[in-house]
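Trainee: Could you take me through this model step by step, letting me ask about one part at a time?

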Amino acid sequence: MSIFGAPPGVAEHLGLLWTQRPAAERIVDLLAALVDADEMSPDDADAWLARFRLADADGGEVVPDLADRAQTVVERSLSEATDRWLTAQQVISAVAALGAVPPEKSHEWYRRLGSLAPASHGHQADERELRRRAAVAAAHVGELQRVIAGPVKLGASMQVTSAEIYEGAVALRWHYNADDARFPPTLDWGGVHFRVEDELGTEYIGRGAGASRLDRHEGEDAAVSGRDVFIPAPPPGASELLVEYDANHGRLNCGHGR
Amino acid sequence: MAAADRLRLARSRAERYLAALALHPRRDPEHLPPGVDRDAMEAQRGAALHAALTTYAELELVGEQDAAVWREAAEGRSGRPAQPGRSSPQALAMLERRWAELETAGDPEDEAAARQRVWNGLFAVTLAGALSRDDARSWSWRIDEQRAGADPTAHRLLKVRRETRLDDLRRVIAGPARGASGFTVLSAEIFADAIALHWRRRVGLREPFDPSVVSLDDDVGTDYLVLGAGGSGGDEDQTGTVVFSPAPPPDAKRVRVVATAGDEFELTIDPGGIR
């Protein structure tokens, strides 16, 4: 099998398109351009097109021929799941992708796996982190209370521009100027950029973040702006937030009483 | 469907599942959007690929040799395509041929299709790492300018997009100011060359929302262009940003923000406020 009769970046892109099953005709011109630019052989282009056409023709039918063997593989994984929970999940996903059994059967496998205690999962540190993330995700972010204006500079490239205080959460808006068009590095699973504290010792947990980059067409630099959300909101007694980014520290007045 | 066709379909599904795991671009951590931990993601993806290959081998959908190819593909993912110092002559020639088709296109429909073919060609050879950074950029501009045609506003927007830097934040004006429709202006960041408005919108309002419809004007007649607009959110609310160029000029005292459903806000520059 050769699936790579193309430069790596092209193979990766085609591979991902293939999984998304766009109409095969959408890639005909892309393949033609690659052949025309001597970046892919006509045979390899034909092989890619054939793969897309086969994916196009996939109507989601169940393929029962593999059902018995698939069931055997999954049952074995489930029987070992107390020690290898994540592996069992991955095996079920791989089998489900084949369409060898009806979707309700796959759902039943997932339900059985889900009934096993999370503590039995394979990677304990990951599991703790996943539980923490689940708890954070379940936290309620309510009404907007107030907005505090910055900016607070945290080194040469980063500044927190404002803080939005919600019921149960605080969101830091930030702006980052990079000379190499990179996103600023993140800290942990939560994907946030800052450590946040207050003088009361409140534990602020990163709940998630988002960012977008404004690419300039001249030069290699870019501006990135984003928003990190932390749980909880500053408690009433906290007068300021202490924000750290890459060993740079700054303070934002909490604005109580405004 | 014959048994052989069913098996072919199952193999296609297996290959697509493996492709999603093995061919997902590896990116430098610095280029990852926030919220993505590359090491954890890579470890999980590697384990999932191993489990899938083992499963498919047992189901006789993937042979040993194929499994080695998939593993090699996963190891060799390259991330962003490298951009060479010099472009491939064949890549440039392909683009010129497509450009010639664009120049001779007859009606607007043909022209749009021909322009799309130039874009496709540019995308293909950029993915292949066959174009230098300079050539990729100049081809992108060439297509943008052709599309702008004789429209001066479109040309101005292209120029402003190329030149706006957002690297000199002058001040932040905090809201919130809530409109009757549920649209809230959270804050405004005034840069030397642009103004960014952060907004929030309660989602109960299920109708689609295009943040680029938000507009600005001021008391000195500045013509603001939307440089970029976007948002994200879940079941409860959405938040996002609209960036305009230029910044309010020094003699502007008030900036009016016109949002949706008749909501209007007034931004006072000095002292700063939003209402």
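Mentor: Let us begin with a pair of strands in chain B: β3(B) and β6(B) run antiparallel and are joined by eight bridges, where strands are DSSP runs of E of at least two residues, helices are runs of H or I of at least four, both numbered from the N terminus, and two strands pair if DSSP finds at least two bridges between them. This is a predicted model, in which local features need pLDDT of at least 70 and side-chain atom pairs count only at pLDDT 80 or more, whereas totals for chains, interfaces and linings use all residues. Residues are numbered from 1 along each chain as written, chains are lettered from A and ligands numbered from 1 in the order written, and side-chain values use heavy atoms, without hydrogens and water.

Trainee: How many of the nine residues of β6(B) are buried?

Mentor: Buried means under 20% relative accessible area, with exposed over 50% and partly exposed in between, for a 1.4 Å probe and protein chains only. By that cut-off β6(B) is mostly covered, and its buried residues number eight.

Trainee: Which element gives the most to the lining of the second largest pocket?

Mentor: A pocket is an open set of points on a 1 Å grid over the protein atoms alone, where a 1.4 Å probe fits, with protein on both sides within 12 Å along at least five of seven lines, and lining residues have an atom within 4 Å of a point. The space in this one is about 880 Å³, and of its 42 lining residues the closest to the centre are A:Arg173, A:Arg227, B:Ser232, B:Thr239 and B:Gly240. Elements that give two or more residues come from both chains, among them β6 (222–231) of chain A and β6 (237–245) of chain B. The element that gives the most, with eight residues, is β5(A).

Trainee: What covers the buried residues of α6(B)?

Mentor: Helix α6 of chain B, residues 133–148, reaches 23 Å from its first C-alpha to its last, close to the 22 Å expected, which is 1.5 Å times one less than its number of residues. Its buried residues include B:Trp139 and B:Ile143, and B:Gly149, with a positive phi near 60°, follows the helix. The cover includes α4, α5 and α7 of chain B.

Technical notes: Contact = heavy atoms within 4.5 Å. Points joined across faces, edges and corners; volume = space filled by probe spheres on them.
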